[in-house]
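Please read it alongside the sequence and the model.

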Amino acid sequence: MKTRPKLIAGNWKMHPADGKGALELLRQLRARLAPFSRVKIAVCPPFTILHQAAVILKDTRVTLGAQNLHWEETGAYTGEISPSMLRAAGCSYVIIGHSERRQYFSETNENIQRKIKAAISHNLSPIVCVGETLSQREAGVMKDVVREHIREALRGMDEEALREVIIAYEPVWAIGTGKTATPSQAQEMHLFIRETLSDMFDLPLSDSILILYGGSVKPENARDLLGQPDIDGALVGGASLNAVSFAQIVRSGEEII
Ligand code: PGA
């Protein structure tokens, strides 16, 4: 098995409500994350705070990501943000196809694939979210759903581009609910994702792709999740809004490297 780096990424979603709170959180993160040197760290705040985040996090190991993008470079697309705008704002990552975007903003597999391609061609690493709902899990079709998400997102992609892709397995029933997949449930799905990737692409390549787990990751469960052989990091929502808990999750990652 190839040794993969660990990545802990914070997805702030549409938080905090005021700019002051965001700046304070960034300053706290800057201080609290300074001791860590092995785990890769990213924060994905709302668009409006990206520029200031880049200034505050300059000269730290904390990199920046966005939560969405449009695939076109420029144009009459009111309300959208392009990949080059994200690069100019200092981003290295972008979350694509989050279940909240699939559910509330009608994000389709087709658009998700366009976004992934646009991100890669602008040197942004896409964090591509996949995962089943509770009813899909209860019906026993969770692997079919996840396989479909992966195939539709990455279909036809060349292997060079695939090197930049990061997958986040986020069971929808675990997002913001306090219910986490058990480490063995998560590991089973991560291994299945890796097998799906190796069916689609070369084995050495699929073995090097990072697969993050997301869904109620907290300081209390991070160590067990991150200790699983196919879990290469975490996409953290709620707990990333508190610098102390986010730093504890990063510490768990550092301790098991
Ligand atoms: P959560 O969110 O950690 O609050 O469950 C994770 C996510 O939606 O990325």
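How far is an oxygen atom of the ligand from an N or O atom in the side chain of Asn11? The separation is 3.4 Å. This is a predicted model, in which local features need pLDDT of at least 70 and side-chain atom pairs count only at pLDDT 80 or more, while totals for chains, interfaces and linings use all residues. Residues are numbered from 1 along each chain as its sequence is written, and side-chain values use heavy atoms, with hydrogens and water left out.

**Ligand site**

The ligand is surrounded by 13 residues, where a residue is near a molecule if one of its heavy atoms lies within 4 Å of it. The closest are Lys13, His98, Glu170, Gly176 and Ser216. The table gives polar contacts, meaning pairs of N or O atoms within 3.5 Å.

| Residue | Atom in the residue | Distance to a ligand oxygen atom |
|---|---|---|
| Asn11 | side-chain N or O | 3.4 Å |
| His98 | polar side-chain atom | 2.7 Å |
| Gly237 | backbone N or O | 2.9 Å |

**Nonpolar cores**

A nonpolar core is a set of buried Ala, Val, Leu, Ile, Met, Phe, Trp, Tyr and Cys residues joined through side-chain atoms within 4.5 Å. Buried means under 20% relative accessible area, exposed over 50%, and partly exposed in between (1.4 Å probe, protein chains only). The largest core has 70 residues, of which Ile116, Leu154, Ile167 and Ile193 touch the most other members. Helix H1 (residues 19-33) supplies the largest share of this core, 6 residues; helices are DSSP runs (H or I, at least four residues) numbered from the N terminus. Apart from this core lies another, of 13 residues, including Leu7 and Cys129.

Ile193 is in contact (heavy atoms within 4.5 Å) with Val130, Val146, Ile150, Ile167, Tyr169 and Ile211, leaving aside neighbours within four places in sequence.

**Aromatic rings**

The whole structure holds 2 aromatic pairs, counted when ring centres of Phe, Tyr and Trp (its six-membered ring) lie within 6.5 Å. In one, the rings of Tyr104 and Phe105 have centres 6.5 Å apart and planes at 85°, so the pair is edge-to-face; planes over 60 degrees apart count as edge-to-face, under 30 as stacked and the rest as tilted. Tyr104 is exposed at 56% relative accessibility, and Phe105 is exposed at 51%.

**Ala222**

Ala222 is found in helix H11 (residues 219-226) and is buried, with a relative accessible area of 0%. Beyond neighbours within four places in sequence, Ala222 is in contact with Val217, Ile249 and Ser252.

Key: Helix = DSSP H or I, 4+ residues; strand = E, 2+ residues; numbered from the N terminus. Polar contact = N/O pair within 3.5 Å; in protein donor to acceptor, adjacent residues only side chain to side chain.
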